[in-house]
Amino acid sequence: MDKAHIKNVVLKHLGDSVEGLDPATVDTSLSMKDLGANSLDIVEVVSSSMRELKVKIPRSELAKLTNVDELVDLLHEVAAAKLAS
Amino acid sequence: MSAPVGIEKIRVEPTTLALDMRALCEARGGSVDELRDVMMISERGVCAPWEDPVTMAVNAAVPMLTDEDRRSIELLLVSTESGVDSEKPISAWAHRYLGLSPRCRNLELKHACYAGTAGLKLAAEWARATGKKALVINTDRSRMHFGKPYELVMGANATAVLVSRQPRIFELELERYGLFSHEVDDLTRPTSRVETGNSETSLLSYMESLTGALEDYCARLPEPIDYDRYFARNIYHIPFGGITLNAHRAALRVFGDVSKAEARARWEVKTSPSLRYPARMGGCYGSSTFIALLSLIDHAPELRAGDRVGVFSYGSGSCAEFYSGRVGHDARAAAREADTGGVLDARKRITVRQYEECEREHQAYIDDGDYRVSRDGLDGWYDERYRGRRRLVFVGCEDHFRRYEWS
């Protein structure tokens with residue numbers, strides 16, 4: 001599972017959750033809150049992405065994330081580890 | 001076939017004070033749009049200085065119980081995350097002031113917002129086995145959180161639930177349930193004053209627990225179900241109303257993809273009527289699913305006796321349960337007797353300043369061993385609403401022993 005695919009999945013769910021947000025123009029160095037997401041939107045994006053990618057990331061790790069890029073990186077790491085196991 | 005068992009009566013004690021949450025939100029510089037659309041909260045209950053989790057528990061049950069109920073109750077469970085003593089359970093005071101028989105087991109249960117449901121399910125199994133009645137009371141109040149983001153989802157209230165083989169309101173399907181337990185650092189009350197946590201961790205844990213408990217519920221059934229057809233209505237634990245919309249979409253997604261718009265349309269029918277009373281109470285803690293059930297019965301006129309309702313309960317820490325029951329044959333009459341709307345309307349509307357004074361007063365005496373609660377303030381509310389009306393009130397502490405009396 002390459003990182004570009006994971007990023008597309010995250011951005012699709014971000015666009016689905018945050019009204020008026022165009023996934024094509026999102027600055028992924030920003031946090032989801034900075035992009036207009038509230039707590040429920042963030043939960044929706046993370047839950048939906050994990051479900052679609054069929055991976056589970058530890059909740060303790062999620063709390064440390066500061067922007068969209070870090071979420072994509074973490075999902076990529078967990079997916080790669082799952083594939084290797 | 002085993003005897004039916006479930007909820008015979010419910011009564012809500014939403015405190016006698018109500019704070020307009022829009023006023024609080026504006027005072028704190030928060031988003032009124034988010035309060036309305038995401039939090040879905042319009043008012044919250046506030047404990048008067050002379051009330052506490054013990055008085056709320058007792059005052060919830062007193063008007064509901066008949067002499068025959070009191071004689072028949074042989075199990076009293078009080079669930080709370082707002083215990084007033086690490087040794088003595090709230091149930092001991094509740095047992096005394098409710099006038100229950102000495103031949104009654106009483107204890108306090110703790111598992112965050114799941115404890116009320118845990119009490120209900122344990123009591124129902126016991127009632128089915130013994131034929132006796134059980135009383136389950138959930139009582140909670142938030143701590144002082146001035147200016148914190150989660151101040152807008154706090155509250156204070158209690159709910160009394162009579163469990164028996166006469167399930168007028170809700171007949172439990174005890175064989176239909178699903179569980180999901182996992183340890184998580186989401187919310188905590190580590191001292192008598194602190195109540196804190198990570199809201200996003202908690203919301204993620206809630207969602208993971210919902211899908212886990214629902215999948216377990218389905219795995220115990222003899223055949224696959226169509227979620228939308230199987231449940232006439234759905235209740236989800238309500239730390240604040242907006243989460244139930246995400247919860248309903250997450251539940252539907254267990255069975256197949258669903259758009260945000262379609263999920264919202266289904267939620268409007270299936271779940272939104274259950275939010276009407278909770279929206280007027282703020283944080284309902286372990287009482288939320290019981291209050292939601294009363295709200296559903298009072299605000300979904302097409303609901304019929306025998307209709308199946310799915311209920312999801314989540315407690316931080318964590319434990320979750322998805323279970324179901326059927327609307328009882330006499331649910332509407334029993335809900336009318338509870339008069340939840342009337343009790344909510346009868347509350348005194350207080351200002352943000354009065355709310356802050358009440359919270360400061362509670363915070364001031366919480367660890368004090370010798371204290372007498374003032375009954376002044378709140379524009380003479382004690383004299384107007386309490387004096388001579390036989391409500392249990394907290395007098396104060398003497399050498400750390402809590403004292404109560406009837407108003």
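**View 1. Helix H1 of chain A and its packing partners.** The buried residues of H1(A) pack against helix H2 (39–53) and helix H4 (68–84) of chain A. The model is predicted: local features need pLDDT of at least 70, side-chain atom pairs count only at pLDDT 80 or more, and totals for chains, interfaces and linings use all residues. Residues are numbered from 1 along each chain as its sequence is written, while chains are lettered from A and ligands numbered from 1 in the order in which they are written. Helices (H or I, at least four residues) and strands (E, at least two) are DSSP runs, numbered from the N terminus. Buried in H1(A) are Ile6(A), Lys7(A), Val9(A), Val10(A), Leu11(A), His13(A), Leu14(A) and Ser17(A); a buried residue has 20 or more other C-beta atoms within 10 Å of its own, an exposed one 12 or fewer, and a partly exposed one a number in between, with C-beta atoms placed from the backbone. The 15 residues of H1(A), residues 3–17, should span 21 Å at 1.5 Å a residue, and the end C-alpha atoms are 21 Å apart, which agrees. The expected span is 1.5 Å times one less than the number of residues.

**View 2. The contact between chain A and chain B.** Chain A brings 13 residues to the contact and chain B brings 17 residues; residues are in contact if their C-beta atoms, placed from the backbone, lie within 7 Å. On the side of chain A that touches chain B, the elements giving two or more residues are H2 and helix H3 (59–62) of chain A. H2(A) gives the most, with 8 residues. This side of chain A has 6 nonpolar, 3 polar and 4 charged residues. Ala, Val, Leu, Ile, Met, Phe, Trp, Tyr, Cys and Pro count as nonpolar, Asp, Glu, Lys and Arg as charged, and the others, Gly among them, as polar.

**View 3. An open sheet of chain B with the order E15-E16-E17.** This sheet has 3 strands and antiparallel pairing; two strands pair if DSSP finds at least two bridges between them. Strands E15 (371–372) and E17 (401–406) of chain B are at the edges, each with a single partner strand, so one side of each lacks a neighbour in the sheet. E15(B) pairs with strand E16 (residues 392–398) of chain B over 2 bridges, and Tyr371(B) has Cys397(B) in E16(B) as its bridge partner. Helix H3 (residues 53–61) of chain B packs on the sheet and touches E16 and E17 of chain B, its direction making about 155° with that of E16(B). Axes are lines fitted to C-alpha atoms, for helices over the stretch in contact, and angles run from 0 to 180 degrees between N-to-C directions.

**View 4. An open sheet of chain B with the order E3-E2-E14.** Pairing among the 3 strands is mixed. Strand E3 (43–46) and strand E14 (348–350) of chain B are the edge strands, each pairing on one side only. Strand E2 (residues 17–20) of chain B and E3(B) pair in the antiparallel sense over 4 bridges; in E3(B), Val46(B) is the bridge partner of Leu17(B). Helix H1 (residues 21–28) of chain B lies across E2 and E3 of chain B, at about 50° to E2(B).

**View 5. The two domains of chain B.** Chain B is divided into domain 1 (6–169 + 341–406) and domain 2 (174–328), with bounds from an automatic or database domain assignment. Their C-alpha centres lie 22 Å apart. In the contact, 46 residues of domain 1 of chain B meet 40 residues of domain 2 of chain B.

Definitions and conventions:
Two residues are in contact if their C-beta atoms, placed from the backbone, lie within 7 Å.
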